[in-house]
Amino acid sequence: PPASQNNEQGSTLRDLLTTTAGKLRLGSTDAGIAFAPVYSTGTASGKGGRTVPNILDDIIASVVENKIPPNRAPKINVKSEIKDEPKDDKKCIQDDCSKRYSDIQYSWICDKHVLWLRDHKNSNNWKLFKECWKQGRPVLVSGMHKKMNFSLWKAESISLDFGNQQADILNCKDSIISNTNVKEFWDGFEDVSKRQKVKNGETALLKLKDWPSGEDFKAMMPARYEDLLKSLPLPEYCSPEGKLNLASHLPGFFVRPDLGPRLCSAYGECVAATKDHDIGTTNLHIEVSDIVNILVYVGIAKGNGVLSKSGVLKKLEEEDLDDLLRKRLKDSSELPGALWHIYAGKDADKIREFLQKIAKEQGLEVLPEHDPIRDQSWYVNKKLRQRLFEEYGVKTCTVIQFLGDAIILPAGALHQV
């Protein structure tokens, strides 16, 4: 607008708030919501008053806190609205969805905490996803590999194309990171005899740390990048151009988190063979943004010291699994590749307190600035997960990710793999 209109309309957030502050006097809103006065009885520039720019914090605080004096009741009948609200949100969404989305193939897993969309091709999936996403729940979409060029994602194919690249490789058993050719990692992916040995002669449990990631992924692997993008589940949300993908529509001056994509690869069958299954390839942590993780390839390693496919299945059956996941394990057409333990973001403080307690029990030094979740220093094994439930009431959501499964997690959800 012309400069002459700036003062009237409020060309900035500060202008907007300060020019309308006078309207937020006690009882001035039609909706019956009363705000605490933000101006003093004096003039804005008088001896006992405040200058308009300096009261911005007061305005925001007054609006956000929504203070209602005891002698002024709101006109909205809050009690009647609350009375009509169902007490069990989980039951409500399930009952409602069964009626409204009868054309969508889906199930509830993990004690009805995770939505499983079973037909990735259904164009109406996003409508049901939207209802679930509002409540901050994880979502599983199966069959994504059927849309992909499978040959691009084989270990031997990646090794052939990028074996001369250097990358950080983590040994999950001792947390030692080395920088080496990725060919060494991929050559041992399905052939144990070609894997590194550690000092005591054990086979190293290696993880290729987020290689490649972000713009590097797109530049290094354009064909794979395009194959991934066309195969994303729920493109309305997950595609970079998705109409409901908020991050893609933020103004350019926002500092965005690293939205990837990134390739996460690890030797998994050695984990299942460890005592008490107390080592993971990804320790417990929190992502700062929503994530979608697609299992694009599962290799079956051969050689001494690894479990057979049947051995891995037997280990997975020992987990606290949903009946539907147990049924999938028995399906010979399904290929399991990753074991996830997921926690709601609201349980983060309880989990943090629990891990600090365990650290003290084990004689570890717990520094004031130490955050076991931020530091990604813990993989919570089965015994600890049981204690977490018994002592803090925090239940673990256990999900097996099969070939082609996409797991979509909201920001703030804790998980280990």
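Good morning. Lys112 lies in the loop between β1 and β2; helices (H or I, at least four residues) and strands (E, at least two) are DSSP runs, numbered from the N terminus. The model is predicted, so local features need pLDDT of at least 70 and side-chain atom pairs count only at pLDDT 80 or more, while totals for chains, interfaces and linings use all residues. Residues are numbered from 1 along each chain as its sequence is written, and side-chain values use heavy atoms, with hydrogens and water left out.

Phi of Lys112 is near 60°, a positive value in a residue other than glycine. With a relative accessible area of 43%, Lys112 is partly exposed; that class falls between buried, under 20% relative accessible area, and exposed, over 50% (1.4 Å probe, protein chains only). Cys110, in the turn of the hairpin formed by β1 and β2, also has a positive phi, of about 55°. Four residues separate the two strands.

Strand β1 (residues 106-109) and strand β2 (residues 114-117) pair in the antiparallel sense over four bridges, where pairing requires that DSSP finds at least two bridges between two strands. Tyr106 has Leu117 in β2 as its bridge partner. Tyr106 and Trp108 point one way from β1, Ser107 and Ile109 point the other way, and all are buried.

Which residues have the most contacts inside the largest nonpolar core? They are Leu117, Val139, Trp153, Trp186 and Trp211, in a core of 50 residues. Such a core is a set of buried Ala, Val, Leu, Ile, Met, Phe, Trp, Tyr and Cys residues joined through side-chain atoms within 4.5 Å. Helix α6 (residues 125-134) gives the most to this core, with five residues. Apart from it lies another core, of 23 residues, among them Trp116, Val312, Ile407 and Val417.

Leu234 is one of the residues in contact with Leu117 (heavy atoms within 4.5 Å). Leu234 has a positive phi of about 45° although it is not a glycine, and at 7% relative accessibility it counts as buried.

I turn to the open sheet. Four strands form it in the order β5-β4-β6-β7, with antiparallel pairing. Because β5 (176-181) and β7 (265-266) stand at the edges with a single partner strand each, one side of each is left without a neighbour in the sheet. Strands β4 and β6 pair over three bridges, and Ile169 has Leu208 in β6 as its bridge partner.

Finally, two cis peptide bonds. The bond from Trp211 to Pro212 is cis, with omega near -20°, and the bond from Gly260 to Pro261 is cis, with omega near 0°.

Note on methods
Lists of a residue's contacts leave out its neighbours within four places in sequence.
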